[in-house]
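Welcome! Here is a short tour of how side chains come together in one structure. Please take a look at it before reading on.

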Amino acid sequence: MYSRTISETPDSIVMNGEAAFGTFLRVPTKIDIKGMEAPFAEFPFSSIVSNTRIKARIAYIFSIGDYIGMIEFFDNKLFGLAEVVFWYRSTGKKFAYHTFMLPHRRFIPLRTDEAVCVSHKKSRFIRLLWSRKKDRISLSFNVSGDKKRPSARAQFTAHFEDRLFQEMLAVMPAPTARRCSASWLSTMQMSGTLEILGSKKNDAVPMQPAGGIAFMVMNRAYHKYHSKSEMMCGLGDYEGRKLLFRFVATSFDSADADDNNENMIVFDGRITPMPAVTITHSFGIDKTWVVQDTESMIDLTFTPISRNRRMLNIFIMRTDYSNIYGTFDGMLLTGTGEKLLLKNFPGIVKKNLLRI
């Protein structure tokens with residue numbers, strides 16, 4: 001059965017112009033990939049210019065009560081983007097809110113011990129913060145509505161010391177050893193509320209405090225001018241135990257993707273790094289998706305329920321992405337050899353095309 005070497009965590013991801021590639025179950029103080037020697041050797045870029053090719057992203061995928069959704073920040077150096085999208089699971093109704101953040105030194109922090117990522121706009125207040133010292137991970141948002149959608153607010157809290165908090169660092173060639181992509185992945189049990197605020201008092205949908213689960217990912221990567229990625233994340237209960245998984249396929253995956261990827265399962269508080277996957281949707285992204293590996297550990301289909309598509313053309317960046325809520329069916333094999341048979345298991349898929 002597939003297994004992956006877990007290495008000792010380096011003090012720094014990049015040292016002396018080279019990245020410490022591998023999979024680690026602890027994380028360094030900073031997720032920083034600057035300093036690679038000639039990452040774009042075909043062009044005479046100085047380090048200042050090549051550093052602008054590093055793009056950062058944070059995604060917080062959650063399931064709580066009747067809702068499932070994703071909060072995402074994207075740092076393009078010159079400006080930032082932030083988005084809140086979630087669905088009411090029983091009906092598939094979508095709620096989506098976007099904001100553009102003006103030039104700033106750094107939108108997404110480097111540190112893994114204590115940091116904050118925030119959109120301060122009054123109509124799109126979104127804040128994600130964490131502190132190991134205070135044993136807290138907090139996500140909150142308060143977003144204003146319009147004629148097409150209501151206002152909404154949420155407050156989620158998780159703890160580093162909780163048994164279900166697990167984390168992993170994956171440092172991968174992207175796709176060659178000259179460039180790298182580094183992802184800090186963490187899963188957690190959280191609690192809080194998410195409320196829909198109607199235009200009238202009796203339109204509001206209140207929510208009592210409830211428990212939930214979340215998957216947080218911070219990524220930094222050297223990007224070429226065009227890149228593609230597809231991400232699948234499932235999170236929910238399986239026979240009374242918490243199950244979270246995330247599989248990714250990109251246009252800059254390493255040639256040795258089985259040993260260099262960020263795919264993982266966390267089942268009942270135990271991490272299993274997973275092999276590379278192939279993700280297909282032969283009849284279009286609104287039809288059935290298939291995700292499989294070559295190690296017979298992953299064989300799933302994803303059935304879309306509701307799609308949120310967004311196209312942006314800002315300055316020198318163009319992106320076309322879709323966030324899709326749906327359900328997974330099929331089989332997963334954990335690191336202990338336990339076979340999980342999923343049926344109507346909730347999750348989110350994201351397909352992204354980026355030109356920068």
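What follows is a walk through the nonpolar cores and the aromatic rings of this predicted model.

**The cores**

Let us begin with the largest nonpolar core, which holds 55 residues. The members that touch the most others are Tyr60, Phe62, Phe86, Trp130, Phe141 and Leu194. Strand 13, spanning residues 180-197, contributes most to this core, giving seven residues. Apart from this core there is a second, separate one of 28 residues, with Phe245, Ile324, Leu333 and Leu342 among them. As general background, nonpolar side chains in soluble globular proteins tend to be buried together.

**The rings**

How many aromatic pairs does a search of the whole structure find? There are 16 of them. One is formed by Tyr67 and Phe86, and this pair is edge-to-face, with 5.7 Å from centre to centre and 80° between the planes. The two partners come from distant parts of the chain, 19 residues apart. Here they are side by side:

| Residue | Strand | Relative accessibility |
|---|---|---|
| Tyr67 | strand 5 (residues 67-75) | 5% |
| Phe86 | strand 6 (residues 80-88) | 0% |

Tyr67 counts as buried because its relative accessibility is 5%, and Phe86 counts as buried because its value is 0%. Ring pairs also join Tyr67 and Phe86 with Tyr88, Phe95, Tyr97 and Phe141 in a cluster.

Finally, look at Tyr321: the charged end of Lys350 sits over its ring, 4.5 Å from the ring centre.

Conventions. Residues are numbered from 1 along each chain as its sequence is written. This is a predicted model: local features need pLDDT of at least 70, side-chain atom pairs count only at pLDDT 80 or more; totals for chains, interfaces and linings use all residues. Side-chain values use heavy atoms; hydrogens and water are left out. A nonpolar core is a set of buried Ala, Val, Leu, Ile, Met, Phe, Trp, Tyr and Cys residues joined through side-chain atoms within 4.5 Å. Buried means under 20% relative accessible area, exposed over 50%, partly exposed in between (1.4 Å probe, protein chains only). Helices (H or I, at least four residues) and strands (E, at least two) are DSSP runs, numbered from the N terminus. Rings of Phe, Tyr and Trp (its six-membered ring) pair if their centres lie within 6.5 Å; planes under 30 degrees apart count as stacked, over 60 as edge-to-face and the rest as tilted. A charge sits over a ring if NZ of Lys or CZ of Arg is within 6 Å of the ring centre and within 35 degrees of the ring normal.
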